[in-house]
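Here is a short report on one protein chain. Read it with the structure open beside you.

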Amino acid sequence: MIFNRQDSKQTILIVDDEPANLRVLKKMLEDQYRLIFAKSGEEALRLVQRELPNLILLDVMMPGMTGFEVCEQLKADMLSKAVPVIFVTALNDEVDETKGFEVGAVDYITKPVSPAIVKARVRTHLSLVQADDLRRTRLQVIQRLGRASEYKDNETGMHIMRMSHYSKIIALAYGLSDFAADNLLHAAPMHDIGKIGIPDSIMLKPGKLTDEEFTIMKTHPEIGAEILGDSDSDLIALAKVVSLTHHEKFDGSGYPNGLKGKNIPIEGRIVAIADVFDALTSKRPYKEAWTVEQAMDFIESQSGIHFDPDLVVLLQQCLPSILYIKQRWQD
């Protein structure tokens, strides 16, 4: 489809039963946005189904359906639930404002409207929508690249799922914010993306690797960092850190850079312990699954050597949550 200039503008649905109010808002916004109009809640809901807008300016007090009722229906529909709704109303009672936020509105503009305020609020919320869309797109790219790396490995997609969730659980226990832990959940699947660059003769070899082959295998963290490159996306930047550092060891004997202790980024340290725990407790073509007790004994024996001692303690503390994830996403 070829979009003309008008088509490329973001679309705003303006809903008000008073034609004069529609004209006022039209005059304020028509130069920058593509506008569609509805004079009732029922008409607005029909329009949204036919032509999904980027944002809705919605009057509260209308004959028939109120704006609150319209907003509730919009948020109950998967098609329209993500569309931001701003109430434009003469109501200014705190109870009415609270009700509006409860049904899913993102903002209020009171009548009589100020052009500067209307333009600023609309611009702000449309920018937030664009940022959310961009983040979702980047997340989808990361997830698909993570899937691509699975084709070069004996490990399964369930391993990727489990170790990513283990990483989030440990990150929260360590004290990272919900946002940072979620970022790690989404970046962790990229830890082995560099294996895409390792020859199949090495990646798929059923037996033990030679020293020369293992030297080549050890280049996959740097290959992963090269694939992910430099990015202004927090997710991709974090995925690069995880790729580059998840084989570093706490005592400095890891690779590729021999980082030691707290010089290893916390995200790399978390992914390292989550990855090893799941690998040990999972069946592979070349080994049987270890019991949880055997895996924990090994990990505790590596405290301060391979793993951050603080994270070994947290892994033990978080074991009930981690075993729930293990059961939920079995191979």
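Residues under 20% relative accessible area count as buried, those over 50% as exposed, and those in between as partly exposed. The model shown is predicted.

**Gln-32 on the accessibility scale**

Where does Gln-32 fall on that scale, buried, exposed or partly exposed? Gln-32 has 42% relative accessibility, so it counts as partly exposed. Gln-32 sits in a loop, with α2 (19-29) on one side and β2 (34-38) on the other. Leaving aside neighbours within four places in sequence, Gln-32 is in contact with Lys-9 and Lys-119. Lys-9 lies 23 residues from Gln-32 along the chain, yet their C-alpha atoms are separated by 7.3 Å.

**The annotated aspartate**

Next comes a site taken from a database record. UniProt, in an unreviewed entry, lists Asp-59 under "modified residue: 4-aspartylphosphate". The loop that holds Asp-59 runs between β3 (55-58) and α4 (67-76). Asp-59 has 5% relative accessibility and therefore counts as buried.

Which residues does Asp-59 touch, not counting those up to four places away in sequence? They are Val-15, Asp-16, Asp-17, Gly-67, Phe-87, Val-88, Thr-89 and Lys-111.

Two of these partners lead further. Thr-89 belongs to strand β4 (residues 85-89). At 1% relative accessibility, Thr-89 also counts as buried. Leaving aside neighbours within four places in sequence, the contacts of Thr-89 are Asp-59, Val-60, Tyr-108, Ile-109, Thr-110 and Lys-111.

**Cis peptide bonds**

Lys-111 has another feature. Its peptide bond to Pro-112 is cis, with omega near -5°. Pro-112 lies in the loop from β5 (107-110) to α6 (115-150). Another cis bond joins Tyr-255 and Pro-256, where omega is about 10°. Pro-256 is in the loop between α12 (234-245) and α13 (266-280).

**Helix pairs**

| Helix pair | Axis separation | Crossing angle |
|---|---|---|
| α8 and α12 | within 9 Å | roughly 65° |
| α11 and α12 | 8 Å | about 165° |
| α14 and α15 | within 10 Å | roughly 160° |

Start with α11 and α12. They pack at an angle of about 165°, which makes α11 roughly antiparallel to α12. The crossing is left-handed. From α11, the residues in contact are His-220, Pro-221, Glu-222, Gly-224, Ala-225 and Leu-228; from α12, they are Ile-236, Ala-239, Lys-240, Ser-243 and Leu-244. By type, the residues of this contact are six nonpolar, three polar and two charged.

Helix α12 also meets α8 (residues 178-187), with axes that cross at roughly 65°. This crossing is right-handed. On the α8 side, the contact involves Phe-179, Asn-183, Leu-184, His-186 and Ala-187; on the α12 side, Asp-234, Leu-235, Leu-238, Ala-239 and Val-242. Seven of the contact residues are nonpolar, two are polar and one is charged. Ala-239 of α12 takes part in the contact with α8 and in the contact with α11.

The crossing of α14 and α15 is left-handed. Met-296, Ile-299 and Glu-300 of α14 meet Val-312, Leu-315 and Gln-316 of α15. Four of these residues are nonpolar, one is polar and one is charged.

**A glycine in α11**

Back in α11 (residues 220-228) is Gly-224. Is Gly-224 buried or exposed? Gly-224 counts as buried, because its relative accessibility is 0%; the cut-off is under 20%. Not counting residues up to four places away in sequence, Gly-224 touches Ile-193, Gly-194 and Ser-243. Ser-243 is one of the α12 residues in the contact with α11. Gly-304 is 80 residues from Gly-224 in sequence, and their C-alpha atoms are 26 Å apart.

Technical notes: Residues numbered from 1 in each chain as written. Predicted model: local features only at pLDDT ≥ 70, side-chain atom pairs only at ≥ 80, totals over all residues. Heavy atoms only, no water. UniProt positions renumbered as here; feature names shortened; annotations may be inferred. Helix = DSSP H or I, 4+ residues; strand = E, 2+ residues; numbered from the N terminus. Buried < 20%, exposed > 50% of the residue type's maximum accessible area, 1.4 Å probe, protein only. Contact = heavy atoms within 4.5 Å. Axes fitted to C-alpha atoms, helices over the stretch in contact; angles between N-to-C directions. Left-handed = near helix turned anticlockwise from the far one by under 90°. Nonpolar A, V, L, I, M, F, W, Y, C, P; charged D, E, K, R; others polar. Parallel < 35°, antiparallel > 145°, perpendicular 65-115°, else oblique.
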